[in-house]
Amino acid sequence: MHLIWLRTDLRLHDNTALAAACRRGPTAAIYVITPEQWLAHDDAPCKVDFWLRNLQHLSQALGTLNIPLLIRTAATWEEVPGVLSALCRKLSVASVHVNEEYGIHESRRDAAVAKALEADGVTFHSYLDQLFFQPGSVLTKTGTYFQVFSQFRKVCYTRLHSALPPIVPTPEAQAPLKLDSDAVPTTVEGFETPSESLRALWPAGEDEARRRLDAFADQQISYYKDERDYPAKPGTSQLSAYLAAGVVSPRQCLHAALQTNQGEFESGDIGAITWINELLWREFYKHILVGYPRVSRHRAFRPETEAVAWRHAPKELAAWQQARTGLPIIDAAMRQLLETGWMHNRLRMVVAMFLTKNLLIDWREGERFFMRHLIDGDLAANNGGWQWSASTGTDSAPYFRIFSPLSQSEKFDGEGVFIKRWLPELAALNKKQVHNPESVGGLFGVADYPRPMVDLKHSRERALAAFRSLPQRQEAAEHE
């Protein structure tokens, strides 16, 4: 018998490791629940719940192919080699198949599992699956990992033109095994079950992921470049949670986008091109995780920025976390995160810059808070985004480029539709006042809404001074 060990690849279709295992002969699937590890990695309760709900759907789908899904529990990844070894001995497993995951802890875990299994004569096979290109295969002329996205993208385009990653065929049904599937638990200790309203926003299963992908590709992708920055519009694909859990693959997304654009990456539909670029940003940050392991260790990508004099301001951090900053676009975005497990991408940059520049609070505080609440939390993308906004990362915003929450609000939520959706206490304000309620006048501005916690002009100058004093001043980055 052969085993596929499922991780962030909760799908039947276009699953490289699953297809490889099934080609070898009778196959069973295993998923290992690791509660203490998830807590240590700040995985959000809504994300853990999403994994479990998708596992239930996947168990049924695997059942149609007579592939049983076994569930095991280990507190941490350190216990996983023992759990898998015991299972392989019990079932006389010949080989274990996995899709590669990235990050220091993930790599160590897989190396430890491979060593334990091989000591028992069980072969361990890992496959490229959640990326288009193997990390280490897209390098500069001097053989180093790219640090600038536009250069990385250029090489990716060349590679994709010559060899588009194919969709992996779905395995056919196998003869039934004398092995029953385990029930998928509905809860995991240490993680609260999210609200029904949040769960309803993110239905589980491959069918839902495919429905979203098809609807986006058919109806929305052409408008993506123009509408993706407006949080009140349905301008994004809403696929990030499904990509993070592996319910849909990047290859499926790429093929769907190319299909709408006559197979082109660089010409034709600007919306499709822009969305493919976002898939490549996701790829870029995972390559960074492998090429520069310090970002897995909560370290700044740019070492000189470790010297930034971040402020210890717990009350201000709490106000940001609890959507009490007195800046409507920031508070509306934070409420969206707290209630839905998701935040619009433009607003992720706006709230991150506000925390790291206007409040001068360490980006790691924001990164951790996001991971603890995001249903699409992904180490590489979340770290990459936070470090970009904080001007500590690869290809990051130059330190002197600081978004003004007010101008971002006026530009991307001009009518105040998004703000009023999440801050109903501001519903009576007109479209000019809603961005800055303090301008309404009166001693306390608008009742039930706090005054701005910080002066934007002075706090901007404070941030500029903090970054100017670094030993090596940063140059303006290429990515705008």
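**Rings and backbone**

Modeller: Let me begin with Phe 400, which counts as partly exposed at 40% relative accessibility; by that scale buried means under 20% relative accessible area, exposed over 50% and partly exposed in between, with a 1.4 Å probe and protein chains only. This is a predicted model, in which local features need pLDDT of at least 70 and side-chain atom pairs count only at pLDDT 80 or more, while totals for chains, interfaces and linings use all residues. Residues are numbered from 1 along each chain as its sequence is written, and side-chain values use heavy atoms, with hydrogens and water left out.

Biologist: OK, how many aromatic pairs does a search of the whole structure find?

Modeller: The search finds 24 aromatic pairs, where rings of Phe, Tyr and Trp (its six-membered ring) pair if their centres lie within 6.5 Å, and planes under 30 degrees apart count as stacked, over 60 as edge-to-face and the rest as tilted. One of them joins Tyr 399 and Phe 400 in an edge-to-face arrangement, at 5.4 Å centre to centre with 75° between the planes.

Biologist: And Tyr 399, buried or exposed?

Modeller: Tyr 399 is buried, with a relative accessible area of 5%.

Biologist: Why is the pair of Tyr 399 and Phe 467 called stacked?

Modeller: Because the ring planes of Tyr 399 and Phe 467 are at 5°, with the centres 6.0 Å apart, the pair is stacked. It links distant parts of the chain, 68 residues apart: Tyr 399 is in the loop between helix H17 (379-390) and helix H18 (405-412), and Phe 467 is in helix H20 (residues 456-468). Helices (H or I, at least four residues) and strands (E, at least two) are DSSP runs, numbered from the N terminus. Phe 467 counts as buried, at 1% relative accessibility.

Biologist: Which residues form one aromatic cluster?

Modeller: Phe 146, Phe 149, Phe 152, Trp 281, Phe 284 and Tyr 285 form one aromatic cluster.

Biologist: Now the backbone: what is phi of Gln 238?

Modeller: Phi of Gln 238 is near 55°, a positive value in a residue other than glycine. Most residues other than glycine have a negative phi. Gln 238 lies in the loop between helix H9 (224-227) and helix H10 (240-244), and is partly exposed with a relative accessible area of 28%.

Biologist: Where is Asn 66 found?

Modeller: Asn 66 is in the loop between helix H3 (45-63) and strand E3 (69-73), and has a positive phi of about 60° although it is not a glycine.
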